[in-house]
Amino acid sequence: LADTDADLSTNRANETLLRNKLADVELTKDSKSQEVASLRKDKNLLLDQVIDLQSKLDLKNSEVSSLLVEIDYLKSKVSELASEARLNKSLETRRWEDIENMAEKIHRSPSPQPRSPYKYAA
């Protein structure tokens with residue numbers, strides 16, 4: 001009977017120990033479940049932020065592409081205007097040279113004698 005009481009007492013102690021361990025495991029499990037839920041929530045928030053940032057990045061990339069196209073257009077326009085300015089300068093120089101040549105011819109040629117309006121009126 002003493003062995004049975006000792007076995008019963010040992011079994012009760014083991015049972016209590018096992019119940020305490022089970023309670024600790026359940027607390028740990030609940031804590032880990034809450035942690036996992038919190039991490040999932042954080043993950044979803046971060047995914048939403050990544051999607052938002054990717055959308056903003058795509059928009060900025062589109063703006064950059066548009067600006068690059070506009071820069072290329074403006075560069076070609078500047079090049080056209082520079083060519084036109086060079087042509088105009090060349091034409092202006094040529095005109096001034098023509099004017100100088102005409103002035104020299106006029107200066108070198110003998111002056112025509114003025115005609116009297118009465119000479120033929122007889």
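Here's a quick briefing on some salt bridges and a surface patch in this structure. It's a predicted model, so local features need pLDDT of at least 70 and side-chain atom pairs count only at pLDDT 80 or more, while totals for chains, interfaces and linings use all residues. Residues are numbered from 1 along each chain as its sequence is written, and side-chain values use heavy atoms, with hydrogens and water left out.

**Salt bridges**
- Side chains of opposite charge can pair when their charged atoms come close.
- The count here is seven salt bridges (a side-chain nitrogen of Lys or Arg within 4 Å of a carboxyl oxygen of Asp or Glu).
- One of them joins Arg19 to Glu15, with the closest N and O atoms 2.4 Å apart.
- Lys60 pairs with Glu63 at 3.6 Å between the closest N and O atoms, and these two sit three residues apart in helix H1, about one turn (helices are DSSP runs of H or I, at least four residues, numbered from the N terminus).
- Lys32 and Glu35 also meet in a salt bridge, at 3.8 Å from N to O.

**How open they are**
- Arg19 is exposed because its relative accessible area is 54% (exposed means over 50%, buried under 20%, partly exposed in between, with a 1.4 Å probe and protein chains only).
- Glu15, at 38%, counts as partly exposed.

**A nonpolar patch**
- Val64, Leu68 and Ile71 form a nonpolar surface patch with about 260 Å² of accessible area together (Shrake-Rupley method, 1.4 Å probe, only the protein chains shown count as cover).
- Patch residues have over 30% relative accessible area and no salt bridge; nonpolar side chains (Val, Leu, Ile, Met, Phe, Trp, Tyr) are joined within 5 Å, like charges within 9 Å.
- Ile71 lies in helix H1, residues 2–108, and is partly exposed at 41% relative accessibility.
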